[in-house]
Amino acid sequence: MVSLDDLKGKIPAWCPGCGNYSILRAFREAMVELDMSPQDFIVVSGIGQAGKFPHYIRCHTFNGLHGRTLPVATGIRLANHKMPVIAIAGDGDCYGEGGNHLIHAIRRNIGIKLFVHDNHIYGLTKGQASPTSTEGMVTKNQPFGVLSGRLNPIALAVALDCSLVARGFAGDIAHLKGIMKEVINHNGFALLDILQPCVTFNKVNTYDWYRQRVYYVGDDYNPEDRVSAFVKSLEWGERIPIGIIYRNRRQTFEERVPVIKENPLIDHEVFTENWRDALKEALNEFF
Amino acid sequence: MFSRSGYHVFTHQEYESRIRGGHNFYQIRFSDRPVTSSKSIIDIIVALDNDSITLHGEELSDDGIIVYDRAMVKNEYTGDRFLHTPLLEIAETHGRDRIMVNTVAIGVVLGMLGLEMDIFFNIIEDTLKKKGSEIIKLNKDAFSAGYRFAVQGCLRCAFSVAPREKSRMLIGINEAIGIGAIASGCKFYSAYPMTPSTGIMLYISGKAKEYGIVVEQAEDEIAAINMAIGASYAGVRAMTGTSGGGFALMVEGLSLAAMTETPVVIALAQRPGPATGLPTKTEQADLLFALHAGHGEFPRVIYAPGSPDQAFYLTNKAFDISQRYQIPVFILTDQYLSDSQWTGEPFDFNDFIHRDYRIRDKSLEDIEDYKRHAFTENGVSPFGIPGTSKHLIITDSDEHDEEGHIIEDPETRIQMVEKRLFKKIPLIKEDMSSPEFYGDDKPDTVLIGWGSTWGVLKEVVDMLSKNKRIALIHFQEVFPLPNTGKLDYLGIFKDAKITICIENNATSQFSRLIKAETGLGFTHHIRRFDGRPFFADLLARRIDGIIG
């Protein structure tokens with residue numbers, strides 16, 4: 001049995017009170033309940049406060065570049081799709097710098113579970129606006145307030161027919177843990193947007209602000225109806241739904257790549273006995 | 001046709017950056033001896049439009065002939081040099097379709113040369129197998145009619161070409177790189193299409209099913225290189241390919257590969273820049289870009305093959321070296337090479353390097369204390385792969401400790417730079433092969449080149465060596481510069497009266513690299529940066545002028 005201690009990494013360098021601590025807690029508990037050992041999964045992260053996440057667990061880790069989490073995770077997953085791959089990014093990381101990769105990872109429906117620690121602000125670079133910052137929010141770098149509209153990642157993902165779209169709240173660990181487990185068990189690409197208060201730089205979207213607004217989508221909500229999911233995805237402001245917003249049963253990318261249907265690429269033998277003969281045949285077309 | 005008849009062949013083409021139309025030409029040179037470049041003098045021109053006559057008429061040799069059809073070029077030419085051939089009319093009469101003009105033209109040329117018809121009949125049958133017997137018959141009829149027209153109508157034709165013994169391999173450099181990659185165990189290729197590198201991806205994706213390779217057309221070059229890095233981290237050999245502008249987007253990923261010590265092979269097919277430049281033309285102007293690309297300091301290797309044969313073996317070496325030292329390795333080509341086809345000996349797979357550097361599952365489990373970036377004597381840490389062992393594979397684009405976790409302390413930083421950079425470089429240098437020496441062993445004049453100029457420079461040496469003491473030193477393994485133990489190329493440069501560095505760029509990039517690394521300068525430089533390749537005869541004349 002896996003224990004919480006098995007998944008304990010370095011001491012986090014986050015600010016006291018940061019929403020990341022609860023996300024870390026929920027994640028470790030989810031993995032324990034799923035009985036996943038550190039050796040059983042790979043975490044790919046980018047740059048930002050969320051990027052440090054895998055160092056604070058114990059797991060196979062590729063902490064790559066800002067915005068490039070998904071392409072690295074895609075390469076890993078295509079090389080070894082028997083291994084669960086979790087991508088961890090921030091809102092600047094995934095919705096700003098790496099926005100194009102998000103669109104195409106959703107299109108591919110590759111079995112990556114993407115957790116976005118969405119604090120609506122740039123933490124590591126100390127308080128500039130992010131793609132999900134509230135319009136009009138004043139920061140040091142946006143003295144006239146944020147002039148661009150807020151990116152709605154949930155609506156974007158539903159519009160792209162993302163295989164699983166979910167939202168959690170860092171202030172509700174028990175609920176978040178449950179969502180994480182559903183996300184990890186999902187077959188296909190999953191986006192989990194996690195509302196995460198930034199106690200240092202974001203004075204708008206605080207714990208209290210969220211607590212007054214978030215609500216569970218509830219048992220009578222059908223996440224498999226895309227049109228109602230789109231309506232649900234547009235809810236923001238006075239009431240913010242959390243839970244599984246949308247789910248479909250699209251075939252995954254891995255299922256559609258013929259050469260990895262039987263075995264993951266990593267298990268293909270290279271340099272076999274008849275390798276040379278097989279290659280010599282490839283030359284025939286040039287004669 | 002010529003390679004099947006046993007001739008040595010070199011072809012190259014020029015085309016415009018558009019899907020249809022514009023002025024395009026395809027040059028075929030064949031000989032009973034090896035040919036490795038294009039010439040500026042042409043014996044037979046098949047002009048399918050009037051531009052072909054006005055633009056290339058001057059390139060015709062003294063005995064040369066221009067084949068044209070008044071109806072197609074909409075012009076009338078008189079004189080011995082012109083052979084009017086009713087290509088369209090023959091195509092419509094015998095092939096029942098205007099599209100047969102190409103087949104008729106081939107018939108005319110082969111008739112002029114007196115080559116046997118049977119070999120071409122076989123080619124028609126092989127190529128058009130899927131189209132059915134009716135199409136094959138029409139093509140044969142169109143071909144034969146063109147052939148007969150030339151035999152009866154070209155009274156000046158004095159060419160005599162007999163078939164030789166065996167068929168030769170005819171291949172382009174992108175296919176050679178593709179086969180080299182597959183043979184080296186490449187299992188993953190991710191790229192964004194970009195001329196002139198796309199051929200590599202096309203070749204490999206065509207073989208993906210047969211050899212079990214995942215080929216992914218990425219959303220952009222940033223994704224392409226990051227996917228390759230991900231796949232490589234997970235334990236499969238991975239490669240990407242692009243041209244200058246796409247590589248500009250990959251630069252950040254290159255630095256990531258270096259920091260995480262993840263092997264990756266990058267084919268960089270050059271074309272003239274800056275920006276979009278001349279997208280379908282040729283240049284060797286990204287050498288210093290590839291050399292300096294990426295933030296921070298890290299080791300890399302650059303190979304620059306000059307022929308499909310060299311590309312094939314260097315691709316294998318690229319995979320081996322990149323895995324052995326866990327570094328990025330470049331295969332630098334250009335449009336001229338990418339759009340040329342060469343005959344050569346069949347590739348030999350027996351000399352291929354097949355070494356597996358990975359440690360996974362059982363072999364990793366057996367190591368008591370594993371760290372992905374462990375300090376070792378030669379700077380290379382055991383290449384562990386995430387899998388069924390108890391050990392975790394951790395790596396980071398941040399500076400990291402031996403385990404792979406973020407650090408900021410100066411001591412670890414210094415040790416890591418020593419490990420990644422200083423310890424590996426001398427070992428890598430030892431693995432670099434000497435440049436190729438060709439020509440007089442005590443030369444007064446030395447030509448220096450790298451990459452795609454190999455074929456043309458060898459022919460220049462052949463042309464001038466009758467009355468000059470001349471030699472070529474050609475680099476195919478460009479960076480780091482090879483040691484001088486096996487071939488003292490620096491000594492040869494110093495001893496020569498004239499050293500001429502010949503490059504397809506405006507600023508003599510290789511010459512600058514030699515100067516920076518060795519302090520040595522060359523006496524002369526020849527640069528071509530109009531987007532076109534060098535031609536042996538023109539270049540020989542120019543070099544002859546310098547030698548005096």
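These legends accompany close-up views of a predicted model. Residues are numbered from 1 along each chain as its sequence is written, chains are lettered from A in the order in which they are written, and side-chain values use heavy atoms, without hydrogens and water. Local features need pLDDT of at least 70, side-chain atom pairs count only at pLDDT 80 or more, and totals for chains, interfaces and linings use all residues.

**View 1. Confidence of the prediction.** The complex has an ipTM of 0.97 and a pTM of 0.96 from the predictor. Chain B averages a pLDDT of 95, and 100% of its residues score at least 70. pLDDT is the predictor's confidence in each residue, from 0 to 100.

**View 2. The antiparallel sheet of chain B.** Four strands form an open sheet, ordered S2-S1-S13-S6 (chain B). Strands are DSSP runs of E, at least two residues; helices are runs of H or I, at least four, both numbered from the N terminus. Pairing requires at least two DSSP bridges. S2 (25-31) and S6 (169-172) of chain B are the edge strands; each has a single partner, so one side of each lacks a neighbour in the sheet. Neighbouring strands are turned by 15° against each other on average, direction ignored. Axes are lines fitted to C-alpha atoms, for helices over the stretch in contact; angles run from 0 to 180 degrees between N-to-C directions. S6(B) pairs with S13 (340-344) of chain B over four bridges. Here Met169(B) stands opposite Gly344(B). Helix H7 (173-183) of chain B packs on the sheet, touching S6 and S13 of chain B, at about 95° to S6(B). Contact means heavy atoms within 4.5 Å.

**View 3. The parallel sheet of chain B.** The open sheet S3-S4-S5 (chain B) has three strands in parallel pairing. S4 (60-68) of chain B and S5(B) share three bridges. Ile66(B) stands opposite Phe82(B) in S5(B). Helix H4 (101-113) of chain B packs on this sheet and touches S3, S4 and S5 of chain B; its direction makes about 155° with that of S3(B).

**View 4. The largest cavity.** A cavity is a set of points on a 1 Å grid over the protein atoms alone where a 1.4 Å probe fits but cannot get out; lining residues have an atom within 4 Å of a point. The largest cavity holds about 80 Å³ of space. Its lining includes Leu265(A), Phe271(A), Lys187(B) and Asp356(B).

**View 5. The loop at Leu234(A).** Leu234(A) sits in the loop between helix H8 (226-233) and strand S8 (240-247) of chain A. Beyond neighbours within four places in sequence, Leu234(A) contacts Asn152(A) and Ala155(A).

Methods
On a 1 Å grid over the protein atoms alone, a cavity is a set of points where a 1.4 Å probe fits but cannot get out, and a pocket is an open set with protein on both sides within 12 Å along at least five of seven lines; lining residues have an atom within 4 Å of a point. Grid points are joined across faces, edges and corners, and a volume is the space filled by probe spheres set on the points.
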